[in-house]
Structures are given as C-alpha cells and as structure tokens.
Amino acid sequence: MKFLTNLAKDVSSGTVDLPCFPDVVIRVRKALNNPHTNPKQVVMIVGTEPRLAAKLLQTANSVAFNPAGKPLTDLRSAITRIGHQMVQSATMAFALQQMRDAEQLYSIAQKLSELWKESISVASISQVVAKRTSVMPDEAFLTGLLHGMGRLYVMVRAVGQSDKLLSDHEFGELVSSWEAAIGKAVLENWGFAEEMAAAVGNQGDYSRMRDDPADLTDVLIVSKALSGALHTPSQYLTALHEVDSFRTIGLTEKDCGEILLQAQTQLGSLHDALGC
C-alpha cells in the first residue's frame, strides 16, 4: 500500500511526524540520554508541562514505588525515587493519555487504549523475563512499553486518510508486517538505545536460535508471545515449541507459568503507578 510505503520511507529518512504527540516527551528523552544533564535540568523540563509533573508525582506516590506510604511533594525527589527508565515510561503514559483525549484522534481513541493495555502487559512480562537473563529489567520494561510504537505511529498518521482505512482487515495485516520496522526507525530517530530499537525491529523474528546469551530482543519476543496467555493461558504452549527465543533463554512450561503469574500479580500496581 502506497500510504505505508511512503510512511516507512519518511521515517527511515529521519522525518517523524506524530500529530498530537507532546514534544515534552522527546525533550525528556534527550535530557535523560545526555550524561551531562543534571537532575535540576530534568526537573525544569518536566516542570514546563504541569500535567506531566503531576503524572510523575502520582507514579512516585503509587503503591508500587511507595510501599511505606510516605508521599513526596517535590518533583526532584519523585524523579529520584522512580528512576530514569520509569520517568520515561510515565512520560509515555502521559503522552498516550493526551493523544486519547485529542479531538483530532477521537476515531482511534479505543484502539489507542487497547494498544496501551497490551503494551503494559508486554512491559510487565518483559521485566519478569529479563530477571532470568543478564538484561536489565528496567530497560526490558521500557522496551516492552514501546514495542507497539510502529503501530501507534501508523494508526495516528492514518487518521483522515480514509474513512474505512483503519477498519479494513487488509490494512490491519499490512500494518502487522510494517510496524516493527517503522517502530525501530522512530526509536532510532528519538535517540533510544540501539539495543532497544533493534529489539523492537526484530520482535517478530521467531527463528533466531543462537549460541550467544539471551539478549533484549529475545526477552521482547518471548514476552510478546506470553502476553496473549494472560487471557488465554494455553496460548503460550504453541509458542514455547515454535519460538527459538524460549530455548535461548532456557524457559520451560513451568517457568512460563511462573512468569505469567508474577506478571499478572504486578499488573494492577503498574496500572496504578502509570495512571492508566
């Protein structure tokens, strides 16, 4: 389809145009990615968007990050408590909320909500799976949260292209084949770590059996496969035998059950922490 081909070309060339996406998200990302940025500068950037500042305070004071029940009221302490990766996660949650509320994107508000729920599930599972590897759990969580960025980008850009485009089954199948590459290009353009962009770009590579230790891509592939099992417990059994990353990580059927149980237990607190 010409629309998707042109979109992919634009993104690959460095042109990322995401309507209704708050630019503060990119400014926060760039600040956190700069080793010379100090905490005061991050606070100043976040402070330019009061609703984002409120979101970060809400996250820091949630049960997940404040089990002792000692609330914080200043932004700097909140950012220190939750850490940089969760700051980025909460910032993405803020961005999705703004997009869902945008009148211009009303026609896809439900699809955006569904994508966010899926992203939270994949992120939660990724964090648990990563603990069985050498991959950093926080990095895995953020990668899981961003795995659908390509789909998000296509959906938002498709609004207004055609009344039936977004509901067309053939279009949906085309999106599935393009979203990983587009998502990778978007993350690269925004300055995310090469490993994260590569994982998003290779999330559909089910035949990558290697002798090397499991990496972030393996974690994301497995987590996506397990995500559907939160609603259909037997679904992962097929993936367990067909997706090489399960063997690379060394996961058994029992392991998968334990991972799903742990992820399911923490999903409630994650929804509370991110305010979605």
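**Exercise 1.** Why does Cys-20 count as partly exposed?

Solution. First, some ground rules. The model is predicted: local features need pLDDT of at least 70, side-chain atom pairs count only at pLDDT 80 or more, and totals for chains, interfaces and linings use all residues. Residues are numbered from 1 along each chain as its sequence is written, and side-chain values use heavy atoms, without hydrogens and water.

Step 1. Cys-20 counts as partly exposed because its relative accessibility is 30%. Buried means under 20% relative accessible area, exposed over 50%, and partly exposed in between (1.4 Å probe, protein chains only).

Step 2. Cys-20 sits in the loop between helix H1 (2-12) and helix H2 (24-33). Helices are DSSP runs (H or I, at least four residues), numbered from the N terminus.

Step 3. Check the backbone. Cys-20 is not a glycine, yet has a positive phi of about 70°. Most residues other than glycine have a negative phi.

**Exercise 2.** Describe how H4 packs with H14.

Solution. Step 1. Helix H4 (residues 50-60) and helix H14 (residues 253-274) pack at about 145°, with axes 7 Å apart. Axes are lines fitted to C-alpha atoms over the stretch in contact; angles run from 0 to 180 degrees between N-to-C directions.

Step 1. H4 supplies Lys-55, Gln-58 and Thr-59; H14 supplies Asp-272, Ala-273 and Leu-274. Contact means heavy atoms within 4.5 Å.

**Exercise 3.** Which helix gives the most to the lining of the second largest pocket?

Solution. H6 gives the most, with five residues.

Conventions:
Helices (H or I, at least four residues) and strands (E, at least two) are DSSP runs, numbered from the N terminus.
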